[in-house]
Amino acid sequence: MTSILNTVSSIHYSRVTSVDRVGVLSLRNPDSVEFTRRRSSFSTLIFESPGRRLVVRAAETDTDKVKSQAPDKAPADGSSINQLLGIKGASQETNKWKIRLQLTKPVTWPPLVWGVVCGAAASGNFHWTPEDVAKSILCMMMSGPCLTGYTQTINDWYDRDIDAINEPYRPIPSGAISEQEVITQVWVLLLGGLGIAGILDVWAGHTTPTVFYLALGGSLLSYIYSAPPLKLKQNGWVGNFALGASYISLPWWAGQALFGTLTPDVVVLTLLYSIAGLGIAIVNDFKSVEGDRAMGLQSLPVAFGTETAKWICVGAIDVTQLSVAGYLLASGKPYYALALVALIIPQIVFQFKYFLKDPVKYDVKYQASAQPFLVLGIFVTALASQH
């Protein structure tokens with residue numbers, strides 16, 4: 001491991017009263033030269049002469065590893081529920097199946113599941129028959145546990161160096177799960193999701209495997225979002241929009257393609273909603289600022305600072321929804337537009353109550369309180385689009 005002495009902190013002369021044990025180059029006796037050195041945050045050389053010594057201290061930068069400022073163990077009051085959901089405040093766990101579930105972050109599945117519901121509703125062809133319900137449930141399994149689980153696991157794998165700084169007690173950086181076990185989980189979830197997509201195409205009688213293509217495209221997008229050399233998440237704007245599209249547009253398209261056909265106006269509308277998804281993605285960046293900055297990732301909180309980034313976040317969410325409401329009003333659907341505005345108001349209230357006050361401390365409370373209104377707004381838009 002290479003250490004580079006890059007900044008001279010102090011050079012001073014002083015009377016010799018004791019021997020500094022950090023690093024000593026002793027020249028008392030020209031015939032014997034003694035040098036001892038210990039790794040520390042500063043490197044020190046002391047040149048001694050009769051009655052005086054020259055001390056040179058230089059800051060040490062480790063080019064291979066940034067030391068973690070976070071505790072090595074999970075919080076003592078960590079929650080087992082949080083561990084199973086894969087969110088902050090999780091307890092330490094040794095059970096491999098619980099760890100595997102934690103890596104898939106079940107808390108992130110509902111938006112994808114809801115996206116399928118919105119797509120099915122927007123198609124206008126969903127009926128409450130056993131067959132249609134079974135199709136939709138299978139599509140939800142593809143979008144949620146399988147492909148979202150794949151996305152979250154592969155993201156944690158490629159973020160292991162960042163997590164070693166921010167949360168070293170997480171399953172991968174702590175060594176609670178092995179490299180081979182993680183890779184196996186990634187492949188099982190990916191192939192399982194793609195397999196279900198193929199089954200859905202056959203079941204729906206598609207001549208073109210639309211659902212499979214959407215699943216494959218989403219899986220590729222998830223990979224280049226997390227993995228080098230592209231690693232879209234390195235750029236806050238591109239990465240967060242890609243994440244927003246994955247969480248809003250793709251499951252909607254899958255649900256609508258399963259029961260009907262995609263139309264250009266729905267594609268445009270859902271991509272517009274992905275800007276709101278960009279705002280949601282920024283929420284999760286605030287807790288990783290230290291690690292992102294150390295690893296050179298230009299998340300928006302790193303690029304613009306916390307204060308500016310939190311306003312960009314809420315602006316993206318609110319302006320997008322207001323724009324959609326305006327679109328619905330211009331399309332001759334005033335009641336849907338009014339319903340959407342009614343769902344935006346409580347989101348703004350919770351933004352000021354939690355997120356804008358402290359985006360790190362209150363991120364979970366904010367998401368739990370505000371996001372249900374966002375997903376209901378997406379459903380209102382889906383109902384409007386089918387008419």
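**Charges on the surface and in pairs**

Lys353, Lys357, Lys361 and Lys365 form a positive surface patch. The model is predicted, so local features need pLDDT of at least 70, side-chain atom pairs count only at pLDDT 80 or more, and totals for chains, interfaces and linings use all residues. Residues are numbered from 1 along each chain as its sequence is written, and side-chain values use heavy atoms, with hydrogens and water left out.

User: What makes lysine 361 exposed?

Analyst: Its relative accessible area is 58%. Exposed means over 50%, buried under 20%, partly exposed in between (1.4 Å probe, protein chains only). So lysine 361 counts as exposed.

User: Why are aspartate 156 and lysine 105 called a salt bridge?

Analyst: A salt bridge needs a side-chain nitrogen of Lys or Arg within 4 Å of a carboxyl oxygen of Asp or Glu. Here N to O is 2.8 Å, so the pair qualifies. The two residues are 51 residues apart. Both are buried.

User: How do you know that lysine 135 and glutamate 131 are separated by about one helical turn?

Analyst: They are four residues apart in helix 4. Helices are DSSP runs (H or I, at least four residues), numbered from the N terminus.

User: Why does lysine 310 count as buried?

Analyst: Because its relative accessibility is 7%. Lysine 310 also forms a salt bridge with glutamate 307.

Conventions
Patch = residues over 30% accessible without salt bridge, like charges linked within 9 Å, V, L, I, M, F, W, Y side chains within 5 Å. Areas by Shrake-Rupley, 256 points an atom, 1.4 Å probe, with all protein chains shown as cover. Lys, Arg positive; Asp, Glu negative; His and termini not counted. Charge placed at Lys NZ, Arg CZ, Asp CG, Glu CD.
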